[in-house]
Amino acid sequence: MIVYDLAVLFTTALPALAHDSLLFKNLGKDVEDGTVRIYNSTKKQIFIAYDKQGDCRPETQKILEDNCVLRLSTNNCELYGRSWDTEE
C-alpha cells in the first residue's frame with residue numbers, strides 16, 4: 001500500500017500523502033528506513049503518524065526529528081489537552 005501511494009503521489013498532481021502508524025507496524029528496519037528516505041526526498045507534503053521513534057535507526061530518527069511538526073505525548077501534550085484512551 002505504501003509503494004502504491006508513493007507511485008500515485010509521484011506520478012500525479014496529488015500534492016500530499018498521509019500515512020498512519022499502522023502501516024509501519026510490520027515493516028523491517030531496512031524497508032522502514034528506505035520509506036522514510038523516500039518521504040524525505042520529495043518536495044510534496046507527506047504526513048505520517050509514527051510511534052516507533054525509539055525503535056528506528058539513528059539516521060531515520062534524525063530525518064523524523066528534523067521534519068517533525070507536531071509531537072503528541074502524555075503529561076499535557078495530548079491533542080486538545082486530553083488522552084483519547086482514558087476513561088473519565
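**A guided tour from Gln61**

Select Gln61 to begin: with a relative accessible area of 30%, Gln61 is partly exposed, where buried means under 20% relative accessible area, exposed over 50%, and partly exposed in between (1.4 Å probe, protein chains only). The model is predicted, so local features need pLDDT of at least 70 and side-chain atom pairs count only at pLDDT 80 or more, while totals for chains, interfaces and linings use all residues. Residues are numbered from 1 along each chain as its sequence is written, and side-chain values use heavy atoms, with hydrogens and water left out.

Gln61 belongs to helix H3; helices (H or I, at least four residues) and strands (E, at least two) are DSSP runs numbered from the N terminus. Display its contacts next, a contact being heavy atoms within 4.5 Å. Apart from neighbours within four places in sequence, Gln61 touches Gln53, Gly54 and Cys56.

Then select Cys68, which is partly exposed at 36%. In the whole structure, zero disulfides are found, a disulfide being a pair of cysteine sulfur atoms within 2.5 Å.

Move to Asp33, in helix H2. Asp33 is buried, its relative accessible area being 4%. Show Arg57 and Thr60 as well: Asp33 is in contact with both, not counting residues up to four places away in sequence.

Now select helix H1, residues 2–11, and colour Ile2, Asp5, Leu6 and Leu9, which are buried. These residues lie on the same side of H1, because they cover an arc of only 100° around the axis, the arc being that of the directions from the helix axis to the C-beta atoms. An α-helix has 3.6 residues a turn, so residues three or four places apart point the same way. Turn to the other side of H1, where Val3, Tyr4 and Thr11 are exposed. To see what covers the buried residues of H1, display the elements that include strand E1 (16–19), helix H2 (29–41) and strand E2 (45–48).

Finally, select Leu79, in the segment after helix H3 (58–67). Leu79 counts as partly exposed, because its relative accessibility is 44%.
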